[in-house]
Amino acid sequence: MQSTISYIPLLMTMVFACAVPFILIAADYLLGPKRPDARKQTTYECGFTFEEYEDTYSDRLYVRFITVAMLFILFDVEAIFLFPWAVSFKEFGLEGFIEMLFFAAVLLLGLYYAAKKGVFEWD
Amino acid sequence: MSLEHYISTYVFKTLYLPIMIKVILAVAFPLVVLSAIPILVWMERRGAGLIQDRMGPNRSNIAGYNLLGLLHPLNDAIKMVMKETLTPARAKVLFYYLAPALVVIPAIMAFAVIPVAAPVEIEGVKIPFQVATIDPGLLYIFAISSLGVYGIMMAGWASGNKFSMLGGVRAASQMLSYEVVLGISLVSLFMIYSDCEPAAIVEAQGALMFGFIPKWGIILSPVAFFLFITAAFAECNRTPFDLPEADSEIVAGHHLEYGGMKFAMFMMSEYLSIITMSAIVTTMFFGGYQIPFLPTEKLHYLAGPFISPFLQIGAFSVKTLFFIWLYIWARWTLPRFRYDQVMKLCYLRLFPIALANIFITGLVILFFKL
Amino acid sequence: MPMLISSAVFYIFAILSVISAILTVSVSNPVKSAVSMIFCLFCLAIIYFTLGAHFAGIIQILVYAGAIMVLFLFVIMLLEKRNNESFDDIISAPKIISLVLAVILLTALSAALAASTGHSGVFPAAAESFGTLKAVGSSIFKKYIFVFEALSALILVAIAGVTLLSAKNSEGDNK
């Protein structure tokens with residue numbers, strides 16, 4: 001199982017990558033001046049005081065974004081199957097081609113339906 | 001040479017030296033990529049100056065030498081570290097500090113599977129110029145960069161500001177959507193080269209077609225190139241897809257409430273992902289580290305194992321810098337899209353085109369038995 | 001030596017994944033819970049890599065940690081102020097149901113484990129190509145092709161579901 005060992009350098013890179021933000025945040029914290037002030041720490045809202053809209057902050061529900069996230073998962077699952085198919089495409093030949101064509105066609109049907117129903121119409 | 005000595009050198013060469021090389025590579029790669037960020041910042045500023053017919057940064061100097069403005073990034077870094085550490089009153093403190101770290105970590109990790117030169121063998125020791133050669137190859141980059149979304153979402157949410165929130169949500173859904181296109185645009189190349197390990201793909205691109213055209217991805221699958229570069233721009237949240245930072249609508253998006261080094265970390269991750277995306281474009285479509293018409297074996301024969309890696313790293317850097325320049329060029333050339341246009345472009349144009357590209361490539365491979 | 005490193009990595013991330021899984025169910029803040037679940041899934045991916053399941057590990061990160069959990073966090077963050085029902089009651093219906101399910105799962109798993117100890121305990125070594133993209137591809141597209149095509153129908157139904165949900169909601173917004 002020599003192949004599993006090939007991931008070890010990635011793990012080392014990960015350890016290094018995790019160290020970088022800690023060093024940076026620590027440096028930022030240690031070197032910068034700290035003069036907290038209630039007015040300085042208020043939220044940047046173009047001149048409004050935040051009491052005015054505190055409750056409306058998440059009142060509007062971003063359904064569109066949730067829809068996008070759900071659709072993304074479905075198409076991502078489709079994309080996942082394309083990768084193992086692609087690397088041995090030449091081995092599968094015409095048979096594999098038709099199998100994937102059918103799979104993709106069914107999903108494109110779904111995309112067409114979603115588009116017709118106006119999922120992508122943002123107003 | 002005594003037998004003991006021979007055995008100990010053998011053990012050193014086959015066991016310890018490869019591990020040491022890997023450790024050095026695992027730290028050197030991220031360090032080099034991180035130290036390229038100031039150069040990118042400089043390129044962007046000077047490039048903006050060039051395109052807009054002005055000087056660009058030129059004031060910062062040491063003893064009267066301004067080095068064409070190269071000292072400005074250094075100045076910026078010092079300024080960023082010395083800034084006051086502010087925590088907005090309405091921020092969720094833990095996540096507010098965690099978010100920039102979560103953005104930077106995947107951005108640093110993603111570059112690791114890209115080869116910058118062909119492996120060479122010096123005195124029986126194989127030296128690779130790639131941190132890890134793993135079976136999933138490029139899928140690793142997609143997987144790791146898909147984790148970058150969390151930091152941005154969390155930054156938007158933890159800042160306790162509605163502009164940040166909107167920016168974070170916009171950025172997240174844009175990055176998610178284009179991630180699919182980013183992945184499937186490369187599928188046609190995986191089909192052509194029957195592999196998704198970048199080093200193998202680069203080696204395959206060294207061959208020549210009809211004796212004079214290099215087998216580069218851009219020639220074999222040009223549609224994939226345009227799809228990929230579009231998706232890569234969107235993935236880095238760069239113009240014309242910089243809606244998460246649309247200043248006229250939502251001020252600065254997810255990093256609105258951040259300052260000092262924490263803000264710099266968002267900038268760093270943006271530049272890091274530009275570097276990674278440009279490196280992927282180079283690797284997949286423009287022959288990676290290959291010098292045109294000079295395949296690795298020939299180069300090793302001509303220049304020897306000591307010089308040829310440097311030549312190949314040079315070739316790789318030149319190609320990658322060109323695509324980095326393309327990002328900067330586009331930034332000062334193209335206007336910003338509207339949000340609904342971004343989403344429609346992804347799902348209703350790029351996605352079907354990418355699928356069609358895959359099947360047309362498949363048909364061509366099947367009929368011409370490539 | 002390589003085996004040693006592999007098993008060391010395996011045990012470190014196995015422990016981390018158990019800890020983060022416990023955190024996922026015990027922390028009261030939903031965002032903290034989701035973040036520890038993401039970390040747990042990431043650790044699982046690394047465990048898959050140490051076991052030689054390359055493609056499964058990548059999918060674990062790409063789909064579970066990178067896509068499905070994004071949706072979870074999206075919903076948690078966007079609905080944060082809408083839903084203030086607390087689950088802090090010591091005994092509540094969801095808690096009882098999840099406890100029952102956990103006990104059933106635990107019994108099933110330990111039964112499976114007990115049944116497998118009858119085996120000699122030595123498993124044949126997996127082939128070098130085990131778990132690679134090509135190996136997984138040929139098993140999907142040769143052995144399990146019917147399941148794969150049936151999956152397309154499942155995803156189609158899911159797309160239709162998402163479409164109906166969002167279409168219904170947008171009508172509600174307009175009125």
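Reader: What percentage of the 370 residues in chain B is made up of buried residues?
Author: This is a predicted model, and a residue counts as buried here if 20 or more other C-beta atoms lie within 10 Å of its own. Applied to the 370 residues of chain B, that criterion gives a buried share of 52%.

Reader: How does the radius of gyration of chain B stand against the globule rule for 370 residues, and what is its value?
Author: Chain B holds 15 helices and 4 strands, and its C-alpha atoms, taken along the principal axes, fill a box of roughly 70 × 55 × 45 Å. For 370 residues the globule rule gives 21 Å, and the value for chain B is close to that, so the chain is as compact as a globular protein of that length. The radius of gyration of chain B is 23 Å.

Reader: Which residues touch the most other members of the largest nonpolar core?
Author: In soluble globular proteins, nonpolar side chains tend to be buried together. The largest nonpolar core in this model has 189 residues, and helix 3 of chain A, residues 63-87, gives the most to this core, with 18 residues. One of the residues asked for, F190(B), touches F83(A), A86(A) and V87(A) as well as D195(B) and C196(B), leaving out residues up to four places away in sequence. The residues that touch the most other members are A69(A), V181(B) and F190(B).

Reader: Which helix of chain B gives the most to the side that touches chain C?
Author: The contact takes 18 residues from chain B and 16 residues from chain C. On the chain B side, helix 5 (138-146), helix 6 (148-158) and helix 7 (162-185) each supply at least two residues, and that side divides into 16 nonpolar, 1 polar and 1 charged. The one that gives the most, with 5 residues, is helix 5.

Reader: Why does L31(A) count as partly exposed, and how many C-beta neighbours does it have inside 10 Å?
Author: L31(A) lies in helix 2 of chain A, residues 8-31, and, leaving aside neighbours within four places in sequence, is in contact with V81(B) and M82(B). A residue needs 20 or more such neighbours to be buried and 12 or fewer to be exposed. L31(A) is therefore partly exposed, since its count of C-beta neighbours inside 10 Å is 15.

Conventions. Residues are numbered from 1 along each chain as its sequence is written. Chains are lettered from A and ligands numbered from 1 in the order in which they are written. This is a predicted model: local features need pLDDT of at least 70, side-chain atom pairs count only at pLDDT 80 or more; totals for chains, interfaces and linings use all residues. Two residues are in contact if their C-beta atoms, placed from the backbone, lie within 7 Å. Ala, Val, Leu, Ile, Met, Phe, Trp, Tyr, Cys and Pro count as nonpolar, Asp, Glu, Lys and Arg as charged, and the others, Gly among them, as polar. A nonpolar core is a set of buried Ala, Val, Leu, Ile, Met, Phe, Trp, Tyr and Cys residues joined through C-beta atoms within 7 Å. The radius of gyration is taken over C-alpha atoms; the globule rule is 2.2 Å times the number of residues to the power 0.38.
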